[in-house]
Amino acid sequence: MIKPRNKDGTMSGLENIMAPDWAKVMQPVESQIHAMGDFLRAQNATGRGYLPPGKQIFNAFTRPMSAVKVLIVGQDPYPTPGHAMGLAFSVTPGTEIPRSLQNIFKELESDLGFKPPNSGDLTPWANQGVMLLNRCLSVQPGAAGSHRGKGWEVITEFAIRALASRKDKALVAILWGNDARSTKQFMPQIPVIESVHPSPLSAARGFFGSRPFSRANQLLQSLGATPVDWHLA
(Lines give C-alpha, C1' and ligand atoms only; values in the text may rest on other atoms or scores of the structure.)
Protein backbone atom coordinates (compact mmCIF):
# COMPACT_ATOMS: atom_id res chain seq x y z
CA MET A 1 0.00 0.00 0.00
CA ILE A 2 1.09 3.58 -0.60
CA LYS A 3 2.42 4.92 2.68
CA PRO A 4 0.14 7.40 4.47
CA ARG A 5 1.31 10.76 5.74
CA ASN A 6 3.69 10.78 8.67
CA LYS A 7 2.38 11.62 12.14
CA ASP A 8 3.68 15.17 11.82
CA GLY A 9 1.66 15.68 8.66
CA THR A 10 4.57 15.53 6.24
CA MET A 11 4.58 13.20 3.26
CA SER A 12 6.30 9.83 3.39
CA GLY A 13 8.95 9.28 0.73
CA LEU A 14 8.47 7.32 -2.48
CA GLU A 15 11.63 5.24 -2.10
CA ASN A 16 9.69 2.41 -0.46
CA ILE A 17 7.54 1.85 -3.56
CA MET A 18 9.79 2.85 -6.49
CA ALA A 19 13.32 2.52 -7.79
CA PRO A 20 15.45 5.42 -6.52
CA ASP A 21 15.61 7.29 -9.83
CA TRP A 22 11.84 6.99 -10.29
CA ALA A 23 11.28 8.20 -6.71
CA LYS A 24 13.36 11.29 -7.47
CA VAL A 25 11.69 12.03 -10.80
CA MET A 26 8.15 11.55 -9.46
CA GLN A 27 8.51 13.97 -6.55
CA PRO A 28 6.44 16.70 -8.28
CA VAL A 29 3.38 14.38 -8.20
CA GLU A 30 4.08 12.88 -4.78
CA SER A 31 1.08 14.63 -3.24
CA GLN A 32 -1.14 13.13 -5.96
CA ILE A 33 0.32 9.68 -5.27
CA HIS A 34 -0.54 10.05 -1.59
CA ALA A 35 -4.02 11.26 -2.54
CA MET A 36 -4.47 8.02 -4.48
CA GLY A 37 -3.37 6.12 -1.39
CA ASP A 38 -6.15 7.90 0.51
CA PHE A 39 -8.58 6.96 -2.26
CA LEU A 40 -7.62 3.28 -2.09
CA ARG A 41 -7.95 3.20 1.68
CA ALA A 42 -11.42 4.68 1.27
CA GLN A 43 -12.26 1.93 -1.21
CA ASN A 44 -11.32 -0.65 1.40
CA ALA A 45 -13.27 1.16 4.10
CA THR A 46 -16.45 1.03 2.01
CA GLY A 47 -15.96 -2.66 1.19
CA ARG A 48 -15.33 -2.11 -2.52
CA GLY A 49 -11.68 -3.06 -2.36
CA TYR A 50 -9.20 -2.69 -5.19
CA LEU A 51 -6.73 -4.59 -7.35
CA PRO A 52 -3.85 -5.32 -7.53
CA PRO A 53 -2.73 -5.77 -3.91
CA GLY A 54 -1.32 -2.59 -2.41
CA LYS A 55 2.30 -3.75 -2.47
CA GLN A 56 2.05 -4.31 -6.24
CA ILE A 57 0.37 -1.05 -7.29
CA PHE A 58 3.70 0.49 -8.35
CA ASN A 59 5.30 -2.72 -9.61
CA ALA A 60 6.00 -1.07 -12.98
CA PHE A 61 8.16 1.53 -11.22
CA THR A 62 10.35 -0.87 -9.24
CA ARG A 63 12.92 -1.28 -12.04
CA PRO A 64 15.23 1.66 -12.74
CA MET A 65 13.86 4.41 -14.94
CA SER A 66 17.31 4.61 -16.53
CA ALA A 67 16.90 1.04 -17.85
CA VAL A 68 13.55 1.56 -19.61
CA LYS A 69 13.83 1.26 -23.38
CA VAL A 70 10.35 0.06 -24.35
CA LEU A 71 7.14 1.47 -22.92
CA ILE A 72 3.99 -0.63 -23.31
CA VAL A 73 0.87 1.21 -22.15
CA GLY A 74 -2.28 -0.58 -21.05
CA GLN A 75 -5.68 0.59 -19.81
CA ASP A 76 -6.14 -0.58 -16.24
CA PRO A 77 -5.46 -3.75 -14.23
CA TYR A 78 -7.38 -6.97 -14.80
CA PRO A 79 -10.50 -6.82 -12.59
CA THR A 80 -10.48 -10.56 -11.86
CA PRO A 81 -9.16 -11.23 -8.34
CA GLY A 82 -5.78 -12.95 -8.42
CA HIS A 83 -4.84 -11.77 -11.91
CA ALA A 84 -3.46 -8.23 -11.63
CA MET A 85 0.08 -7.85 -10.31
CA GLY A 86 1.06 -4.30 -11.19
CA LEU A 87 2.44 -4.84 -14.70
CA ALA A 88 0.15 -4.04 -17.62
CA PHE A 89 -1.18 -7.16 -19.40
CA SER A 90 0.74 -9.45 -17.00
CA VAL A 91 -0.85 -11.88 -14.55
CA THR A 92 0.30 -13.63 -11.41
CA PRO A 93 2.07 -16.96 -12.14
CA GLY A 94 -0.24 -19.94 -11.95
CA THR A 95 -3.42 -18.07 -12.87
CA GLU A 96 -5.47 -18.45 -16.03
CA ILE A 97 -4.12 -16.44 -18.96
CA PRO A 98 -6.69 -13.76 -19.97
CA ARG A 99 -7.85 -13.71 -23.56
CA SER A 100 -6.16 -10.37 -24.33
CA LEU A 101 -2.85 -11.82 -23.19
CA GLN A 102 -3.53 -15.00 -25.16
CA ASN A 103 -3.85 -12.78 -28.24
CA ILE A 104 -0.58 -11.03 -27.39
CA PHE A 105 1.08 -14.44 -27.26
CA LYS A 106 -0.49 -15.39 -30.60
CA GLU A 107 0.99 -12.27 -32.17
CA LEU A 108 4.33 -12.95 -30.50
CA GLU A 109 4.36 -16.40 -32.12
CA SER A 110 3.32 -15.00 -35.51
CA ASP A 111 5.89 -12.22 -35.31
CA LEU A 112 8.93 -13.99 -33.86
CA GLY A 113 8.04 -17.69 -33.87
CA PHE A 114 8.03 -18.05 -30.07
CA LYS A 115 5.60 -20.66 -28.80
CA PRO A 116 3.03 -19.30 -26.32
CA PRO A 117 4.29 -19.76 -22.76
CA ASN A 118 2.35 -21.56 -20.05
CA SER A 119 2.55 -18.56 -17.72
CA GLY A 120 1.16 -15.08 -18.23
CA ASP A 121 3.80 -13.50 -16.01
CA LEU A 122 5.61 -10.84 -18.07
CA THR A 123 8.22 -10.08 -15.43
CA PRO A 124 11.05 -11.25 -17.75
CA TRP A 125 10.14 -8.41 -20.10
CA ALA A 126 10.08 -5.89 -17.25
CA ASN A 127 13.53 -7.08 -16.14
CA GLN A 128 14.89 -6.22 -19.60
CA GLY A 129 13.71 -2.61 -19.58
CA VAL A 130 10.16 -3.04 -20.88
CA MET A 131 7.92 -0.84 -18.75
CA LEU A 132 4.42 -2.32 -18.63
CA LEU A 133 2.43 0.71 -17.48
CA ASN A 134 -1.32 0.87 -17.10
CA ARG A 135 -2.95 4.27 -17.57
CA CYS A 136 -4.80 3.66 -14.30
CA LEU A 137 -2.93 1.68 -11.66
CA SER A 138 -5.90 0.22 -9.80
CA VAL A 139 -9.40 -1.09 -10.38
CA GLN A 140 -12.39 -2.22 -8.36
CA PRO A 141 -12.73 -6.03 -8.46
CA GLY A 142 -15.15 -7.06 -11.18
CA ALA A 143 -15.53 -3.53 -12.55
CA ALA A 144 -13.18 -2.76 -15.44
CA GLY A 145 -12.47 0.94 -15.88
CA SER A 146 -13.90 1.79 -12.46
CA HIS A 147 -10.93 3.92 -11.39
CA ARG A 148 -10.72 6.03 -14.52
CA GLY A 149 -10.85 9.72 -13.80
CA LYS A 150 -9.95 9.25 -10.12
CA GLY A 151 -6.46 10.72 -10.41
CA TRP A 152 -4.15 8.04 -11.75
CA GLU A 153 -3.99 9.69 -15.16
CA VAL A 154 -2.14 12.69 -13.72
CA ILE A 155 0.54 10.38 -12.33
CA THR A 156 0.98 8.18 -15.38
CA GLU A 157 1.02 11.16 -17.75
CA PHE A 158 3.81 12.68 -15.69
CA ALA A 159 5.76 9.40 -15.78
CA ILE A 160 5.37 9.06 -19.56
CA ARG A 161 6.45 12.65 -20.17
CA ALA A 162 9.46 12.11 -17.90
CA LEU A 163 10.52 9.03 -19.85
CA ALA A 164 10.12 10.83 -23.16
CA SER A 165 12.20 13.79 -22.00
CA ARG A 166 15.30 11.79 -21.05
CA LYS A 167 18.47 12.77 -22.86
CA ASP A 168 20.59 10.18 -24.68
CA LYS A 169 18.25 7.31 -23.74
CA ALA A 170 16.57 5.22 -26.42
CA LEU A 171 12.83 4.69 -26.03
CA VAL A 172 10.19 3.01 -28.17
CA ALA A 173 6.51 3.11 -27.24
CA ILE A 174 3.98 0.36 -27.98
CA LEU A 175 0.40 1.58 -27.65
CA TRP A 176 -2.50 -0.87 -27.81
CA GLY A 177 -6.04 0.50 -27.68
CA ASN A 178 -7.55 3.97 -27.37
CA ASP A 179 -6.48 4.59 -23.77
CA ALA A 180 -2.90 3.84 -24.66
CA ARG A 181 -2.95 5.68 -27.97
CA SER A 182 -4.16 8.83 -26.24
CA THR A 183 -0.74 9.03 -24.56
CA LYS A 184 1.05 9.53 -27.89
CA GLN A 185 0.67 13.29 -27.43
CA PHE A 186 2.89 13.11 -24.32
CA MET A 187 5.92 11.87 -26.29
CA PRO A 188 5.93 13.57 -29.71
CA GLN A 189 9.61 12.82 -30.38
CA ILE A 190 9.42 9.12 -29.52
CA PRO A 191 8.91 6.40 -32.16
CA VAL A 192 5.52 4.80 -31.59
CA ILE A 193 4.04 1.46 -32.65
CA GLU A 194 0.27 1.57 -32.27
CA SER A 195 -2.75 -0.59 -33.00
CA VAL A 196 -6.13 -1.56 -31.67
CA HIS A 197 -6.29 -3.35 -28.33
CA PRO A 198 -5.49 -7.10 -28.23
CA SER A 199 -8.92 -7.75 -26.72
CA PRO A 200 -10.96 -10.46 -28.45
CA LEU A 201 -13.40 -7.69 -29.40
CA SER A 202 -10.84 -5.82 -31.50
CA ALA A 203 -7.69 -7.89 -32.09
CA ALA A 204 -8.75 -8.97 -35.59
CA ARG A 205 -9.14 -5.32 -36.63
CA GLY A 206 -5.44 -4.48 -36.69
CA PHE A 207 -3.64 -6.01 -33.74
CA PHE A 208 -2.99 -9.35 -35.42
CA GLY A 209 -0.31 -8.85 -38.02
CA SER A 210 1.00 -5.61 -36.52
CA ARG A 211 4.35 -7.24 -35.58
CA PRO A 212 5.05 -4.95 -32.62
CA PHE A 213 7.87 -7.04 -31.16
CA SER A 214 10.12 -7.24 -34.20
CA ARG A 215 9.35 -3.62 -35.10
CA ALA A 216 10.28 -2.45 -31.61
CA ASN A 217 13.60 -4.28 -31.83
CA GLN A 218 14.34 -2.79 -35.24
CA LEU A 219 13.67 0.69 -33.87
CA LEU A 220 15.82 0.06 -30.80
CA GLN A 221 18.72 -1.06 -32.96
CA SER A 222 18.32 1.99 -35.18
CA LEU A 223 18.64 4.10 -32.03
CA GLY A 224 21.80 2.28 -30.97
CA ALA A 225 20.14 0.24 -28.21
CA THR A 226 20.17 -3.51 -27.68
CA PRO A 227 17.00 -5.37 -28.71
CA VAL A 228 14.67 -7.07 -26.26
CA ASP A 229 14.61 -10.84 -25.95
CA TRP A 230 10.83 -11.28 -26.10
CA HIS A 231 11.01 -15.00 -25.42
CA LEU A 232 9.10 -16.15 -22.35
CA ALA A 233 9.90 -19.55 -20.84
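Student: How many bridges join S1 to S3, and in which sense do these strands run?

Tutor: In this predicted model, 4 bridges join S1 to S3, and the two strands run parallel. Leu-71, for instance, stands opposite Ala-173 in S3. Helices (H or I, at least four residues) and strands (E, at least two) are DSSP runs, numbered from the N terminus. Residues are numbered from 1 along each chain as its sequence is written. As the model is predicted, local features need pLDDT of at least 70 and side-chain atom pairs count only at pLDDT 80 or more, whereas totals for chains, interfaces and linings use all residues; side-chain values use heavy atoms, with hydrogens and water left out.

Student: How do you know that S1 and S2 pair, and which residue in S2 is the bridge partner of Ile-72?

Tutor: S1 and S2 are joined in the parallel sense over 5 bridges, and the partner of Ile-72 in S2 is Leu-132.

Student: What is the order of the strands in the open sheet?

Tutor: The 4 strands of the sheet follow the order S2-S1-S3-S4, with parallel pairing. S2 and strand S4 (192-195) stand at the edges, because each has a single partner strand and one side of each is therefore left without a neighbour in the sheet. On average, neighbouring strands are turned by 15° against each other, direction ignored; such angles run from 0 to 180 degrees, between N-to-C directions of lines fitted to C-alpha atoms, for helices over the stretch in contact.

Student: Which strands of the sheet does helix H5 touch?

Tutor: Helix H5 (residues 152-164) packs on the sheet and touches S1 and S2, with a direction about 155° from that of S2. Helix H7 (residues 212-222) also packs on the sheet, where it touches S1, S3 and S4, and its direction makes about 160° with that of S3.

Student: Why is S1 called largely enclosed by the rest of the structure?

Tutor: Buried means under 20% relative accessible area, exposed over 50%, and partly exposed in between (1.4 Å probe, protein chains only). In S1, 5 of the 5 residues are buried, so the strand is largely enclosed by the rest of the structure. Both faces are covered, with Val-70, Ile-72 and Gly-74 buried on one side and Leu-71 and Val-73 buried on the other.

Student: Where is Asp-76, and what makes it buried or exposed?

Tutor: Asp-76 lies in the loop between strand S1 (70-74) and helix H3 (99-112). Its relative accessibility is 14%, which is under 20%, so Asp-76 counts as buried. An unreviewed UniProt entry lists Asp-76 for "active site", given in the numbering used here with a shortened feature name, and such annotations may be inferred rather than shown by experiment.

Student: Which residues is Asp-76 in contact with, leaving aside its neighbours within four places in sequence?

Tutor: Contact means heavy atoms within 4.5 Å, and the residues that Asp-76 contacts in this way include Asn-134, Cys-136, Ser-138 and Gly-145. The backbone nitrogen of Gly-145 is 2.6 Å from a polar atom of the Asp-76 side chain.

Student: How do you know that Arg-161 forms a salt bridge with Glu-157?

Tutor: A salt bridge needs a side-chain nitrogen of Lys or Arg within 4 Å of a carboxyl oxygen of Asp or Glu. The closest N and O atoms of Arg-161 and Glu-157 are 2.9 Å apart, so this pair meets the rule. Because the two residues are 4 apart in helix H5, they are separated by about one helical turn. By this rule the count comes to 7 salt bridges.

Student: Which residues are linked with Glu-194 in a network of salt bridges?

Tutor: Arg-181, Lys-184 and Glu-194 are linked in that network. Between Glu-194 and Lys-184, the closest N and O atoms are 2.8 Å apart. This pair links distant parts of the chain, with Glu-194 in strand S4 and Lys-184 in the loop between helix H6 (178-181) and S4, 10 residues apart. Glu-194 has a relative accessible area of 27% and is partly exposed, as is Lys-184 with 38%.

Conventions
A polar contact is a pair of N or O atoms within 3.5 Å; within protein, one must be able to donate a hydrogen and the other to accept it, and residues adjacent in sequence count only if both atoms are side-chain atoms. Two strands pair if DSSP finds at least two bridges between them.
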